Amino acid sequence: MEKTILLVEDNPDDVALTIRAFKKNNIANRIVVAADGVEALDYLFGTGRHAGRDMAEMPALVLLDLKLPKIDGMEVLRRLRADERTKLLPVVILTSSKEDTDLAKGYALGANSYVRKPVDFNQFVEAVRHLGLYWLVLNEAPPSRRGT
């Protein structure tokens, strides 16, 4: 079964850049884009416009920006970790924030990793390559998450 990536990002340029970086690294996984925190939670919990989604198919990886409209990334992370269905999902905060408080809070809320977006495209492509290799190939998912 194909491993889906949930990209939670409100900036269309960053969405395009991330998708381009995945393609450049031959990472062909399905990418679902949520443009704000509400849409991300709707997708993950099968509510709103994602009502009726097959909840057995959860993303293998969530790439989460912090500065999001409606519900910010920290609150999305808090809600994911509070729910049995999503508490073990790998969540990588992928953000341009350089705030140490964001870094500390992200880890305190249960982020698996925190990656600052490089400004240079080639460095960004390399960062995405490492993320894809580690989280989609090398990392062993918990037994209840395998096969998704």
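Modeller: V33 has a relative accessibility of 31%, so this residue counts as partly exposed (buried means under 20% relative accessible area, exposed over 50%, and partly exposed in between, with a 1.4 Å probe and protein chains only). The model is a predicted one, in which local features need pLDDT of at least 70 and side-chain atom pairs count only at pLDDT 80 or more, while totals for chains, interfaces and linings use all residues. Residues are numbered from 1 along each chain as its sequence is written, and side-chain values use heavy atoms, with hydrogens and water left out.

V33 belongs to strand β2, residues 31-34 (helices, H or I with at least four residues, and strands, E with at least two, are DSSP runs numbered from the N terminus).

A salt bridge is a side-chain nitrogen of Lys or Arg within 4 Å of a carboxyl oxygen of Asp or Glu. By this rule there are 11 salt bridges. One of them joins the side chains of E9 and K117, at 2.6 Å from N to O. E9 sits in the loop between β1 (5-8) and α1 (12-24), and K117 in the loop between β5 (113-116) and α5, so the pair ties together parts that are 108 residues apart in sequence. Both E9 and K117 are buried.

Another salt bridge links the side chains of E75 and R78, at 2.5 Å from N to O. These two residues are 3 apart in helix α3, which means that about one helical turn separates them. E75 is partly exposed, at 22% relative accessibility, and R78 is also partly exposed, with a relative accessible area of 40%.

The side chains of R85 and D83 form a further salt bridge, at 2.9 Å from N to O. Here R85 is partly exposed because its relative accessible area is 47%, whereas D83, at 19% relative accessibility, counts as buried. Elsewhere, salt bridges that share partners join E9, D14 and K117 into one network.

The axes of α2 (residues 37-45) and α3 (residues 73-82) come within 9 Å and cross at roughly 20° (axes are lines fitted to C-alpha atoms, for helices over the stretch in contact, and angles run from 0 to 180 degrees between N-to-C directions). That angle makes α2 roughly parallel to α3 (under 35 degrees is roughly parallel, over 145 roughly antiparallel, 65 to 115 roughly perpendicular, and the rest oblique). The crossing of α2 and α3 is right-handed, the near helix being turned clockwise from the far one by less than a right angle.

G73 is 26 residues from E99 in sequence and 14 Å from E99 in space, C-alpha to C-alpha. E99 lies in the loop between β4 (91-95) and α4 (100-108) and is partly exposed at 48% relative accessibility.

Finally, V137 lies in helix α5, residues 121-138, and counts as exposed at 57% relative accessibility. Together with L133, Y134 and L138, V137 makes a nonpolar surface patch of about 390 Å² (patch residues have over 30% relative accessible area and no salt bridge; like charges are joined within 9 Å, and nonpolar side chains, Val, Leu, Ile, Met, Phe, Trp and Tyr, within 5 Å). Accessible areas come from the Shrake-Rupley method with a 1.4 Å probe; for residues, only the protein chains shown count as cover.
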